[in-house]
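Open the model in your viewer and keep the sequence panel beside it. The stops below are given in the order in which to select them.

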Amino acid sequence: MPKAEQTIDTSTWVDDYSDMLYNFSVTRVNDHEMAKDLVQDTFVSAIKGLDNFQGKSTVKTWLFSILKRKIIDHWRKQESRQTRPMSALGTDSETGESKIIERQNKGAVSEIEINYDNKELRAAIMGCIQDLPDKWKGIVIDKLVEEKKSEEVCKEHEITASNLWVIIHRAKVQLRDCLELKWFNS
Amino acid sequence: MMKCNEAGAMMEKEEFEKLPFMKRFSLRFHLMMCKCCKGYEKDVTPLNSIIKSANSDHADTSLSDNEKTEMKSSIAQQ
């Protein structure tokens, strides 16, 4: 393995990469301590597995790929632990639709005043995003929160373009219902 | 006629890109006939803005210098 030619200095990693890794993870797990732990675990795994890093990509890309895997593992653990009230709405991919459609004519979300400084609104939507099924969560965050290009999101999540919009729609219906519950009933 | 399923997906797509003429036409037609989807149409754009507010750029959390120092030492220990 051609690794001797470049010695990687891991001592500057925390200074160089922790902020961007943390921003990425906190958007996805919505918890400061958990996001921090995931970043730290990422560094530890990367240093332990340094031999596997062949320099085909940049250190940054490599660290992000490790972090992404850790976030998905975290979601899975979380999903198996929690009871999921939103799934009672019947958003499962095959059968969910009829139940959702009944609620579709409310339009109450359009009454929410959108203000990025509104901490409660931000907390509400982040909580709702966490309740999404795993396979939708990453797609919604990439496309709607971080506004990545559609092609990029499809490639990353290995879905077709038409599938993207179907998933986005189903996820948004769930988010809308969740928001209405959290925002107007509390 | 276009089904609700597809109409929903098309509304999401339309937020980001221009639909082909026939799709646009079928979607408008569907929205004229279907109260449910018409109701959702109102929510599409505000929902996107609300979801966008989850971006960490809008948050005031970040790692403190203290936390970074702690992180360095616990990484060194492992």
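A salt bridge here is a side-chain nitrogen of Lys or Arg within 4 Å of a carboxyl oxygen of Asp or Glu. This is a predicted model, in which local features need pLDDT of at least 70 and side-chain atom pairs count only at pLDDT 80 or more, while totals for chains, interfaces and linings use all residues. Residues are numbered from 1 along each chain as its sequence is written, chains are lettered from A and ligands numbered from 1 in the order in which they are written, and side-chain values use heavy atoms, with hydrogens and water left out.

**Stop 1: a pair across the chains**

Select A:Asp15 and B:Lys72. They form a salt bridge in which the closest N and O atoms are 3.0 Å apart. The pair crosses between chains: A:Asp15 is in helix α1 of chain A, and B:Lys72 is in helix α4 (residues 65–77) of chain B. Helices (H or I, at least four residues) and strands (E, at least two) are DSSP runs, numbered from the N terminus. The classes are buried under 20% relative accessible area, exposed over 50% and partly exposed in between (1.4 Å probe, protein chains only).

**Stop 2: the whole interface**

Colour by chain. In contact (heavy atoms within 4.5 Å) are 51 residues of chain A and 41 residues of chain B. The two chains bury about 4,400 Å² between them, 64% of it on carbon and sulfur atoms; buried area is the accessible area (1.4 Å probe) that two parts lose on being put together, summed over both. Six salt bridges are counted between chain A and chain B. On the side of chain A that touches chain B, the elements giving two or more residues are α1 (13–29), α2 (32–48), α4 (97–101), α5 (119–130), α6 (134–145) and α8 (161–184) of chain A. Of these, α8(A) gives the most, with eleven residues.

**Stop 3: A:Arg176**

Zoom to A:Arg176 and show B:Asp43 with it. The closest N and O atoms of their salt bridge are 2.7 Å apart. B:Asp43 lies in helix α3 of chain B and A:Arg176 in helix α8 of chain A, so the pair joins two chains. Both B:Asp43 and A:Arg176 are buried. A:Arg176 also meets A:Asp177 in a salt bridge (3.2 Å, N to O). A:Asp177 counts as buried because its relative accessible area is 2%; for A:Arg176 the value is 0%.

**Stop 4: helix α3 of chain B**

Select residues 35–52 of chain B. This helix, α3, has 18 residues and reaches 27 Å from its first C-alpha to its last, close to the 26 Å expected at 1.5 Å a residue. The expected span is 1.5 Å times one less than the number of residues. Where does α3(B) bend? The bend, about 35°, is at B:Val44, and B:Pro46 follows within four residues. The angle is taken between axes fitted to the seven residues ending there and the seven starting there. Buried residues of α3(B) include B:Cys36, B:Tyr40, B:Asp43, B:Leu47 and B:Ile51.

**Stop 5: chain B as a whole**

Chain B has four helices and zero strands. Buried residues make up 44% of its 78 residues.
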